[in-house]
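Please read them alongside the coordinates.

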2 protein chains.
Amino acid sequence: MPIELSLNPLVESIKPSYIREILAASAKPNMISLAGGLPAPELFPMDLVQKALLDVAQVPDYFQYGSTEGDVALRQWIANAWRTPAETLDHDNVLVTTGSQQALDLIARAYIAPGDRVLVESPCYLGALQVFKLAGAEIITIDQLDDGPDLSQLEDALKLAPKLFYTVPDFHNPTGVCWSRDKREQVAAMISRRDVIVVEDAPYRELRYEGESLPQLSSYLNKVSFRLGSFSKTITPGVRLGFVIANRAMLAPLITIKQAADLHSSQPLQHMILQMLEDPTFGEHLARVRDEYRRRRDLLCKLLRDQFGSAVSFTRPHGGMFLWVSFDDACSDIIAANALACGVTVVPGTAFLDSDCAASNSLRLNFSYESEDVLAQGVSRLHSAVYM
Amino acid sequence: MPIELSLNPLVESIKPSYIREILAASAKPNMISLAGGLPAPELFPMDLVQKALLDVAQVPDYFQYGSTEGDVALRQWIANAWRTPAETLDHDNVLVTTGSQQALDLIARAYIAPGDRVLVESPCYLGALQVFKLAGAEIITIDQLDDGPDLSQLEDALKLAPKLFYTVPDFHNPTGVCWSRDKREQVAAMISRRDVIVVEDAPYRELRYEGESLPQLSSYLNKVSFRLGSFSKTITPGVRLGFVIANRAMLAPLITIKQAADLHSSQPLQHMILQMLEDPTFGEHLARVRDEYRRRRDLLCKLLRDQFGSAVSFTRPHGGMFLWVSFDDACSDIIAANALACGVTVVPGTAFLDSDCAASNSLRLNFSYESEDVLAQGVSRLHSAVYM
């Protein structure tokens with residue numbers, strides 16, 4: 001084997017992303033996409049984008065090299081917005097990252113050495129699995145139930161001295177599950193007794209369509225955690241800006257690694273985001289997004305119930321972008337392949353499992369991207385695929 | 001030690017960046033900066049930026065998630081611009097990265113396993129040293145001479161079966177050295193016989209102030225190499241966009257890792273950059289930048305000669321942003337510390353050496369950032385610092 005092709009063995013441990021292939025297929029003409037985690041571009045706040053970019057383009061300093069930590073004013077805005085009543089957060093507790101995906105990667109690179117154990121909910125966001133595998137972690141999965149993780153599995157897993165617990169308590173990807181308040185308290189009590197780093201990923205937290213917002217898991221913990229947030233779902237994903245909140249000592253190694261990884265995140269776009277967040281009409285934009293996604297979620301639920309009846313089961317999520325649909329006695333890989341042939345993309349449950357040989361009878365359906373008309377057509381195509 | 005603070009040991013191997021501290025000091029009022037590698041913000045093409053951003057802000061799709069590889073049209077532009085006559089490059093050979101710093105990091109993560117040997121020129125760009133150490137590499141240094149690396153050292157080092165050779169043949173950072181044509185041919189002949197990955201970093205290649213452009217080292221090699229480029233020096237650094245060129249098989253693992261690292265680079269800014277590159281006046285912008293930097297380089301050389309006489313030695317670089325100045329019998333760390341006290345920042349040579357206990361009698365002086373008036377004042381302050 002020529003030296004060029006002798007890779008770092010950890011890279012080879014990452015399974016080629018089936019989602020990538022599906023998303024590539026989604027771009028084909030007339031394909032309906034229920035696969036991606038894409039926000040609706042017609043809901044992007046382009047008026048605010050235009051206004052902010054026009055202002056940003058007047059300031060040469062915004063295009064110079066910036067600090068690795070990110071713009072101080074944006075970091076302070078984030079600290080103020082995400083602070084809980086009991087906390088004293090300020091800009092020093094916030095690192096701006098190139099999407100929250102980078103925050104995950106920096107945490108894994110800083111704290112995970114090969115062989116370290118990492119707990120994740122199962123099914124799990126594929127991008128997190130990739131990051132932890134790239135760091136050489138041994139993945140331990142905890143089944144995700146309707147109200148959060150299976151506590152007896154979590155108890156057992158904690159006995160294995162895991163280094164880190166990665167979790168998405170608010171409108172989990174892919175299941176849409178939002179942990180109950182009880183579960184948050186119980187998990188916090190279990191974890192607080194253990195020496196484990198908690199990484200609470202909250203990209204969908206602001207996309208709640210009903211019910212009251214629950215305190216973040218981190219707010220119950222009597223210990224340090226990383227909290228991740230993103231502007232991809234509330235502003236636009238193409239800008240690649242997110243953040244991680246933690247105490248300064250825990251952030252320090254992330255900053256060192258980020259310096260080597262990309263020096264800092266885009267300066268002009270950080271300024272654009274801050275100006276948009278501070279605009280008095282930004283709240284109206286968020287309300288508009290929530291209203292539309294709520295409608296689409298309700299429609300998708302109705303369409304599935306009408307067309308599939310009792311052949312499918314799902315729980316209507318209170319927020320986020322995804323519906324997790326289980327079919328009696330069916331293989332999700334086959335359904336997904338048939339769906340592609342019928343002109344609709346969906347992600348089979350197996351894509352979110354750690355094991356290569358696992359089977360799943362569930363699909364992840366996205367309801368944020370396609371309009372109501374197209375959603376209806378998409379479900380009809382899915383019906384053809386299931387009964388083909 | 002609480003588990004939170006038990007870091008991946010490779011992170012602890014990175015020395016805290018002295019340059020970061022100096023750059024932080026550069027931001028103080030009335031401080032003159034000859035330290036950073038910053039382009040002059042008054043030369044940023046803000047008219048082109050404004051025009052391009054105004055157009056980009058009209059297209060919601062530019063703000064959606066994009067492909068990990070980058071925008072196809074931008075990649076094709078890069079392939080066309082960097083192609084040598086003998087090559088058939090197209091967009092498939094180009095990966096857009098979050099600054100060329102990210103390209104370095106992706107290459108190291110893909111191809112370097114702990115213990116692998118990496119050759120670098122000495123002195124060396126600190127950001128490269130950090131990346132390779134973070135990957136666990138053993139660094140082997142080759143002295144940089146006036147016309148390129150010391151060939152007998154390179155010959156010996158190649159016998160140690162290094163995995164990778166990182167090099168900056170065009171206006172090297174920090175020395176400003178541009179390899180002679182002879183040296184390029186000789187190094188290529190030596191390397192072509194060996195199983196070593198060449199990473200040719202060329203962020204300053206377009207900043208040539210005199211003489212003819214020489215073929216890239218890669219163009220002489222009968223083997224695969226990575227070529228890195230950046231828009232930081234020719235457009236603006238705050239956007240964090242660069243690229244890496246290689247064959248598809250060599251790029252594939254970088255794409256896999258980039259997906260985990262940040263999914264993709266900023267979409268709107270990729271479109272902004274492409275529109276600027278395609279603008280018919282872009283060439284005039286580049287000529288303006290070169291003219292001004294040439295003037296500043298000439299002035300800095302004259303000021304040093306006038307004020308320090310034979311106490312300093314340096315070679316006038318034909319391009320780039322830096323002058324490498326050596327003092328007879330002086331410690332660069334002490335000069336740099338005194339300079340800070342006198343109100344001017346410079347980077348001591350030790351910052352670019354791999355060894356913690358190395359000494360250097362050289363300083364890196366930047367001539368791109370400060371205007372001619374301020375440069376003159378800066379050299380006077382440096383004179384006070386040296387003779388204080």
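How do the residues of the lining of the second largest pocket divide into nonpolar, polar and charged?

1. The model is predicted. The lining of the second largest pocket comprises 20 nonpolar, 21 polar and 8 charged residues.

2. That pocket holds about 1200 Å³ of space. Its lining has 49 residues, and those nearest the centre are Y65(A), G66(A), L23(B), G37(B) and L38(B). Two or more lining residues come from each of α2 (18-26), α5, α6 and β14 (362-366) of chain B. With 5 residues, α2(B) provides the largest share of the lining.

3. Turning to the interface, 77 residues of chain A and 76 residues of chain B take part in the contact. Together the two chains bury about 6100 Å², and carbon and sulfur atoms account for 61% of that area.

4. Between chain B and chain A there are 22 residue pairs in polar contact, both residues being at pLDDT 80 or more. The interface also has 2 salt bridges. One of them joins R109(A) to D105(B), with 2.7 Å between the closest N and O atoms.

5. On the side of chain B that touches chain A, at least two residues each are supplied by α3 (46-56), α5 (99-111), α6 (126-134), α10 (248-262) and α11 (267-278) of chain B. The most come from α10(B), which gives 10 residues. By residue class, this side of chain B has 43 nonpolar, 21 polar and 12 charged residues.

Methods
Residues are numbered from 1 along each chain as its sequence is written. Chains are lettered from A and ligands numbered from 1 in the order in which they are written. This is a predicted model: local features need pLDDT of at least 70, side-chain atom pairs count only at pLDDT 80 or more; totals for chains, interfaces and linings use all residues. Side-chain values use heavy atoms; hydrogens and water are left out. Contact means heavy atoms within 4.5 Å. Buried area is the accessible area (1.4 Å probe) that two parts lose on being put together, summed over both. A salt bridge is a side-chain nitrogen of Lys or Arg within 4 Å of a carboxyl oxygen of Asp or Glu. A polar contact is a pair of N or O atoms within 3.5 Å; within protein, one must be able to donate a hydrogen and the other to accept it, and residues adjacent in sequence count only if both atoms are side-chain atoms. Helices (H or I, at least four residues) and strands (E, at least two) are DSSP runs, numbered from the N terminus. Ala, Val, Leu, Ile, Met, Phe, Trp, Tyr, Cys and Pro count as nonpolar, Asp, Glu, Lys and Arg as charged, and the others, Gly among them, as polar. On a 1 Å grid over the protein atoms alone, a cavity is a set of points where a 1.4 Å probe fits but cannot get out, and a pocket is an open set with protein on both sides within 12 Å along at least five of seven lines; lining residues have an atom within 4 Å of a point. Grid points are joined across faces, edges and corners, and a volume is the space filled by probe spheres set on the points.
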